[in-house]
Amino acid sequence: MRAVVAARPGGLDALQLVEVPDPVPGPGEVLVRVRATAVNRADILQRLGHYPPPPGASDVLGLEAAGRIEALGPGVDGWTVGDRVMALLAGGGYAELVAVPQGQLMPVPEDMDWVIAASIPEAYVTAWQALNQDPVPGSGSWVLVHAGASGVGLAALDIARALGARTIGTTRSPGKAGELADLADRALVPGPEGFRDAVLTITGGHGADVVMDLVGGAYWADTVAATAVDGRIALIGLLGGPRAELDLAALMGRRLTVRASTLRARPPEQKAALVASFAAWASTRLADGTLRPRVHDLLPLSRVADAHRMVQDNRTVGKIVLVVTDDGLVDR
Ligand SMILES: NC(=O)c1ccc[n+]([C@@H]2O[C@H](COP(=O)([O-])OP(=O)(O)OC[C@H]3O[C@@H](n4cnc5c(N)ncnc54)[C@H](OP(=O)(O)O)[C@@H]3O)[C@@H](O)[C@H]2O)c1
């Protein structure tokens, strides 16, 4: 089969579309013929050599995919050859075939196309694992999402809105603010003065009940100061760096909870539990349009380098999808 690997750590020219052996589904795994996959920031880091795949994972890039089940490994139940699925992967998505633990599959709603389906698993399950923790944002609460125009950021805004929360998204790019304002209740472009005062003004002095922090270091002091009493910071990205000064008095004074998490490194059982929890909540909402995943652009797999360039240059609002088999797009 054809697949994209990073032959060595490096720039865009490290990406190679090559012939590799077809994966063979092991016990409890399903073989999926991939119609579309999507680019994540983690793929850029992996290509650069900063984010190796977890032990045992494919060295083919790609953390999510959508397609039809081609074959079942031993001991698989509940799935049938031909089923339309979207998959959360530890790797292997930029390929014509991928083997997936059955617990990491979700059914694709009948009217959803492959492009949208491929954009969902990594961003939405990441956002779900961070939002679906105590306190879960609900009606009337405020959710602040840093890097709100990112794939994960938009998924978090979408889920938070569907939970009934009011949302604020940050972006450093004034050119994205208009689009972000259509997807969040408020869009903020932090200036040199930061975003704390703006968040407090928007929330009537209350602060954000939950912060989806994809930025970390550079934003940390303002993030703590913009979080409401008894609020929670879900730390899931370090786009702004891994180090910050921690004001313990500010954490205590506001009785804040900080929960950090990663998805890719979790064992398959934990991923399966998260996927099942997300699917139980989201399946109807994805089918009826309550949830509205947003794709920035789609490109053929052969243009993977262009896709990586758009993501690494921060030009995207939402996901870039790679179409693996063009004919598949008309085959729902
Ligand atoms: N913990 C987990 O399980 C998990 C899982 C998936 C992803 N993540 C993390 O979530 C983050 C987003 O991933 P993604 O694939 O959704 O990203 P993405 O779609 O590539 O979007 C990233 C956006 O972040 C903004 N950004 C870039 N550098 C920044 C900086 N230094 N400070 C502030 N904002 C910056 C840019 O938007 P603007 O132009 O709007 O500023 C950029 O377009 C990444 O850090 C990723 O590693 C974590």
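Let me start with a term. A residue counts as buried if 20 or more other C-beta atoms lie within 10 Å of its own, as exposed if 12 or fewer do, and as partly exposed in between, with C-beta atoms placed from the backbone. Keep that for the end.

Now the model. It is predicted: local features need pLDDT of at least 70, side-chain atom pairs count only at pLDDT 80 or more, and totals for chains, interfaces and linings use all residues. Residues are numbered from 1 along each chain as its sequence is written.

Domains next. The domain assignment gives domain 1 (2-120 + 266-330) and domain 2 (124-260). Such bounds come from an automatic or database assignment. Taken over C-alpha atoms, the two centres are 27 Å apart. Domain 1 puts 17 residues into the contact, and domain 2 puts in 13. Contact here means C-beta atoms, placed from the backbone, within 7 Å. On the domain 1 side, helix α9 (residues 268-287) supplies the largest share, 6 residues. Helices are DSSP runs of H or I, at least four residues; strands are runs of E, at least two; both are numbered from the N terminus. By class, that side of domain 1 has 8 nonpolar, 5 polar and 4 charged residues. Nonpolar covers Ala, Val, Leu, Ile, Met, Phe, Trp, Tyr, Cys and Pro; charged covers Asp, Glu, Lys and Arg; the others, Gly among them, are polar.

On to the ligand. Where does it lie? Both domain 1 and domain 2 give residues to the shell around the ligand, so it lies between them. There are 29 residues around the ligand, and Ser150, Gly151, Thr171, Gly237 and Leu263 come nearest. A residue is near if its C-beta atom, placed from the backbone, lies within 6 Å. Elements giving two or more residues to the shell are α1 (41-48), α3 (121-131) and α4 (151-162). The most come from α3, with 3 residues.

Last, the backbone. Most residues other than glycine have a negative phi, and most peptide bonds are trans. Asp134 and Pro135 are joined by a cis peptide bond, omega about -5°. Pro135 sits in the loop between α3 and β8 (142-145). Asp230, not a glycine, has a positive phi of about 65°. Asp230 belongs to strand β12 (residues 227-235). Asn314 also has a positive phi, near 60°. The loop between α10 (304-312) and β15 (319-323) holds Asn314.

Back to the opening term. Why is Asp230 called exposed? Because 12 other C-beta atoms lie within 10 Å. Asn314 has 15 within 10 Å, so Asn314 is partly exposed.

Key
Contact = placed C-beta atoms within 7 Å.
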